[in-house]
Amino acid sequence: MPDYSYTAKDRNGRVIEGTIEADNSAIAAGRVRELGYEVERVRAMDPRAARSPHAAEPERGGASSQTMGQRAKENLVYPVTSGIGLKELAVFYRQFSTMIHAGIPLYQSLVTLEGQTRNEKLKEIIRSCQRQVEVGGKLSDVFAGYPWVFSELQLEMIRAAEHGGLLDEMLNRISDYLEQEIKLRRLINGLTLYPKIVVFAAWMLLGVRFFVDTLPAFSKLIIGAMKPEFHYTLFDYLMDTVFSMLIVGAVVFGIYAFCRIVLFQNQDAREKYERFKMSIPGIGQVVKKFALARFGRSFGAMYAGGLPLNTAIRVGGDASGSRVIQAATQRALFAVERGAGISQAFQETGVFPPIVLDMLHTGEQTGNLDQMMTKVAEYLEGDAEAKAHLYSHIFAAAVGLLVALLVGVAVIKFYMGYIGGMGAAVNEAGGG
């Protein structure tokens, strides 16, 4: 029985590393979860390294530095960006499915995919798959070593395909799911584009020092061009707008990276953040509906692919991207495993809205859980999209009105100072 090394986290967020024996990576991951840990990565160990302790020892200054570099990437870089986009993954799965469906052998398909892939990181993974297939191994064992690239949903579907012999169909389903996820992300980016443009224009017009002297940066640039003694040059304008924006952007990215690398590794902290985000009036419901839509779509895809119900529920919760929904699905899963009905178990969590519960109940009664979950995902996405459109326009209008108000205050202050100066000059002339 082969050995697998694993990296997991306990309930307190502490990192646990160890090895475990199992027939495959899926069983290994399940055994780690039975220990009460949250699995982060499961990798097949090299049998030669397991037999020879000296073979596993890195050479000084060579492999050890590579190992440290790899660990640094896994802990610091990959939680922020994997280096492989969803679009590249979707194309990879689609091409892979087409080749397998056409009857091309697995190894030859991987060789062809390597030649068609431009992303070097993905090329490296494909080469690892080739070596694994040559010795009779499984694709899922290779993919499990790259958890920052291949989600658990993808791994579970590929494992099911390897057991059921429907690799081409499952790869096609994964590609469909990823394309839908890309569409959803583009939708969110499109909805937030107009507010971003308004904020950018306001920043370039007002500048940071506006909140000190209440004079817009663009106005100061014009005055400085007409009156050099005003001492406000183009460089000052760029410092006030562009460079200050870059500083703020760096700070925001630093906070984002800190949250992804450190804070969100603690599951309790992440769940509290999710609950706070969902409690924000208006926007919170949009965020929750998009997360529920991801859960419904992934749950439907997994169940339609022939995976067991408990696996579909667990992986669907993970694919939602929300710790709140993930924790709720875990509680529902425990209730289902104890014999409770699916809709009843989800209702007891207090997280899922009536529309989801009704569709779950209907799917439970008719045996069409996958179709019901796909339909409810489409409904939630449409509802969230409509509300997101509304809130984005409200936000953009509010920012525009705020900018107009601030500029109006600056203009009024300017003219009040100008009129006050003229009055003082008249009084002095009359007194003289």
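**Pockets, cavities and helix pairs**

The second largest pocket is lined by V199, A202, W203, L206, G207, V208, F211, F395, V399, L402, V403 and L406. The model is a predicted one, in which local features need pLDDT of at least 70 and side-chain atom pairs count only at pLDDT 80 or more, while totals for chains, interfaces and linings use all residues. Residues are numbered from 1 along each chain as its sequence is written, and side-chain values use heavy atoms, with hydrogens and water left out.

On a 1 Å grid over the protein atoms alone, a pocket is an open set of points with protein on both sides within 12 Å along at least five of seven lines, a cavity is a set where a 1.4 Å probe fits but cannot get out, and lining residues have an atom within 4 Å of a point. The second largest pocket holds about 210 Å³ of space, a volume being the space filled by probe spheres set on the points, with grid points joined across faces, edges and corners. Two helices, α10 (167–206) and α20 (369–431), each give at least two residues to its lining; helices (H or I, at least four residues) are DSSP runs numbered from the N terminus. The largest share, five residues, belongs to α20. Eleven nonpolar residues and one polar residue make up this lining, with no charged ones. In this scheme Ala, Val, Leu, Ile, Met, Phe, Trp, Tyr, Cys and Pro are nonpolar, Asp, Glu, Lys and Arg are charged, and the others, Gly among them, are polar.

The structure holds two cavities of 30 Å³ or more, and the largest cavity has a volume of about 50 Å³. Around the largest cavity stand Y177, Q180, E181, L184, A293, R294, R297 and E381.

Axes here are lines fitted to C-alpha atoms, for helices over the stretch in contact, and angles run from 0 to 180 degrees between N-to-C directions. On the α15 side, R294, F295, S298, F299, M302 and Y303 meet L309, T311, A312, I313, V315, G316, G317 and A319 of α16, where contact means heavy atoms within 4.5 Å. Nine nonpolar, four polar and one charged residues form this contact of α15 with α16.

A further pair is α18 (residues 342–349) with α19 (residues 354–366), packed at an angle of about 160° with axes 8 Å apart. Helices α18 and α19 are therefore roughly antiparallel to each other, and α18 passes α19 in a right-handed crossing. Here I342, S343, F346 and Q347 of α18 touch L357, L360, H361 and E364 of α19. The contact of α18 with α19 comprises four nonpolar, three polar and one charged residues.

Lastly, the axes of α5 (residues 86–101) and α6 (residues 106–116) come within 10 Å and cross at roughly 145°, again in a right-handed crossing. F92, Q95, F96, M99 and I100 of α5 make the contact with L106, S109, L110, T112, L113 and Q116 of α6. The contact of α5 with α6 has seven nonpolar and four polar residues, and no charged ones.

Notes: Angles under 35 degrees count as roughly parallel, over 145 as roughly antiparallel, 65 to 115 as roughly perpendicular and the rest as oblique. A crossing is left-handed if the near helix is turned anticlockwise from the far one by less than a right angle, and right-handed if clockwise.
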